[in-house]
Amino acid sequence: MSTDQTGQGGSTASTSARYPHGQGRDLVQLVTPSGERVSHPEFDYWVRDITDEQLCSLYEDMTVIRRIDVEATALQRQGELGLWPPLLGQEAAQIGSGRALRSDDFVFSSYRENGVAYCRGVDLTDLVRVWRGNASSGWDPYTVNMATPQIIIGAQTLHATGYAMGIQNDGADSVAVTYFGDGATSEGDVNEAMVFAASFQVPVVFFCTNNHWAISEPVRLQSHIQLADRAAGFGIPSLRVDGNDVLAVMAATRVALDRARRGGGPTFIEAVSYRMGPHTTADDPTRYRDANELEDWAAKDPISRIAALLDRKGLLTEELQQQVKDKADAVAHEMRTGCTTMPDPEPLDVFKHVYSTPNSWLDRQQDHYARYLASFGDPAGAVSEEGAR
Amino acid sequence: MTQMTFARAINAGLRKSLENDPKVVLLGEDIGTLGGVFRVTDGLQKDFGTHRVVDTPLAESAIVGTAVGLAYRGYRPVVEIQFDGFVYPAFDQIVSQVAKIHYRTRGAVKMPITIRIPFGGGIGSPEHHSESPEAYFTHTSGLRVVTVADPQDAYTVIQQAISCDDPVLYFEPKRRYHDKGEVDEALDPAAAEPMGRARVLATGTDVTLVAYGPLVKTALDAASAAADEGISIEVIDLRSLAPVDYDTVVASVRRTGHLVITHEAGQSGGLGAEVAASITERCFYYLEAPPVRVTGFDIPYPYSKLEMHHLPGLDRILDGVDRALGRPNSLSGLEG
């Protein structure tokens, strides 16, 4: 029970030693790992409108992004993608929060929030464009109100805070939401973002997915206290939620969004989850992580949990499961096709968009390189044929 | 035309930009109530409000990083880094974010951010207050790096920088803040000399002397002194450090056949090296001698009692001119 409640996996004993303030507050949980809907005096209110149909839809979303993740991992193994950062195990955190957002809210995320991007309506081909090495970004941020994924850890939290300063200036009631991991909380930028957000009381939500591992470094190396408790030091209210419980995550996100929209300033959410896969396809977690820990967390799998809830409610019909599987397969197929048929960029594209106004240095380099390519007669083939000279 | 100090001219330019475009916002430490430690933003918060001129917490990465978010939302942030040596905590946000978001998003997101940095020495300050970090930024694609050398140019270029859709680092020669000059406030920045162009401030026939920022005045003084000895120096104020307007320098060197470049920053990997190499590539057959650099030493910025040894002064520049012309100089007789 205690491990379920705290979400600290199979290392409860060592955890309490490492968190001297004890286990801290309980995780907000609305659905137990066995799929039982438990009532919560405060948070039930925030998901009271969720119908059976919407529960099925959340189940579908989570299944689809897991399928996307599997397909992208396969594409990487087949050499179609250079790299992929799997989100396996974090589906509830991403879908629960992503589906709580309004279209005019603006997301600044890390590279792992492909589930959030899916919620924002990002084109499936665009999800893999960067990882194929075809472009530096997949989508135009303004078409989906989500910045392109940030690779520098935590840098995006400042962008969200600045964007929220702009929202405040504009007198709008939208919210900037920034996603980052447990490791990012150690970065200066995340701390500076919280200083600014608190100081100016801007509408920003700090959504920290505590997936327990920053590549090989465990969360206990990042923090001596629970991550959610750090926010208090900045004067930012925080919520600590079971990140594998899609309803709880949605409720917590709605609380934070509502506070922000009503001028209540920033909120920090710690969604306690677990990265069940590797950090990226280039990583080997067996070198640093105990298999038992993974097993503990597999028992708390977010998709199994909502499936169990649906089952208890008599909603998990064969028809629904088939329908969801078909949707997931269709999405995966569409992404694969989009990936493998993506046209290669043109050589001179490297010079595009460095500046929005002319730059004499770059124009000259582009001109010289174009002349060099032209000297082969076939600009497109010049580089690849170089070895044959 | 109005007589005003360099600092006042920048203030007037900022005021014009704030008046002309409601999307312009200023961010920085002490820029509001105090008006900045150099008073460059004096009175602006009083007239434009705390949402247009924002006193921020002391966190340089956040000052620049939140400017990125504001730019995402359509604002044109102008941030002040209080001193040159304080820019380093913001380095990642400048070179990895500000510089690259337009490229990263394939042109979808513009970053019209102006980063004002008082730079250079000569004011007797302690460590971290007199540095010349421009080369770090000229090396980063996606940034425009400019500096100014007189009040009129300061007034014009700050407005051009703010209206530019690319990020601009605007280096302010802090030891010239109190120098006075004529400023025509009616001058339309759009009609003035573009900030990317170098200016020939004194014509000459024997040597091309390239300077920027605080050393432009020193270079002009050197040219006057040299004229007394019968040496004719053409002084070019580079103005834009990235990109450098090489066409103007090339045209000059093709006439004079000699090039001297001077800056306060250390020599190794400095802008002088870049100018020397580029001009050598483009003017090899016109050069009658190798380009000469007269720069700060490759040392941490020294304590103030010795800073005038580090900073190129009129005599060191003239010695460099002598080296370029093959006249007797401090290194005469030394091989290589």
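Colleague: Which conventions apply here?
Modeller: Residues are numbered from 1 along each chain as its sequence is written, while chains are lettered from A and ligands numbered from 1 in the order in which they are written. As the model is predicted, local features need pLDDT of at least 70, side-chain atom pairs count only at pLDDT 80 or more, and totals for chains, interfaces and linings use all residues; side-chain values use heavy atoms, with hydrogens and water left out.

Colleague: What ipTM and pTM does the predictor give the complex?
Modeller: The ipTM is 0.94 and the pTM is 0.93. For chain B, the mean pLDDT is 97, and 100% of its residues reach 70 or more; pLDDT is the predictor's confidence in each residue, from 0 to 100.

Colleague: How many helices and strands are there in chain A?
Modeller: Chain A has 16 helices and seven strands. These are DSSP runs numbered from the N terminus, with helices being H or I of at least four residues and strands being E of at least two.
The radius of gyration of chain A is 22 Å, close to the 21 Å of the globule rule for 389 residues, so chain A is as compact as a globular protein of that length. That radius is taken over C-alpha atoms, and the rule is 2.2 Å times the number of residues to the power 0.38.

Colleague: And chain B, how many of each?
Modeller: Chain B has twelve helices and 14 strands. Its radius of gyration is 20 Å, in agreement with the value near 20 Å for a compact globule of 336 residues.

Colleague: Where is A:Asp301?
Modeller: A:Asp301 sits in the loop between helix H13 (291-298) and helix H14 (302-312) of chain A. A:Asp301 is buried, at 6% relative accessibility. Leaving aside residues up to four places away in sequence, A:Asp301 touches A:Arg66 and A:Met276. Its C-alpha atom is 9.4 Å from that of A:Leu88, which is 213 residues away along the chain.

Colleague: What about backbone geometry?
Modeller: Most residues other than glycine have a negative phi, and most peptide bonds are trans. A:His353, although not a glycine, has a positive phi of about 70°. B:Arg239 is not a glycine either, and has a positive phi of about 65°.

Colleague: Which peptide bond is cis?
Modeller: The bond from B:Ala242 to B:Pro243 is cis, with omega near -5°. B:Pro243 is in the loop between strand E12 (240-242) and helix H9 (246-256) of chain B.

Methods: Buried means under 20% relative accessible area, exposed over 50%, partly exposed in between (1.4 Å probe, protein chains only). Contact means heavy atoms within 4.5 Å.
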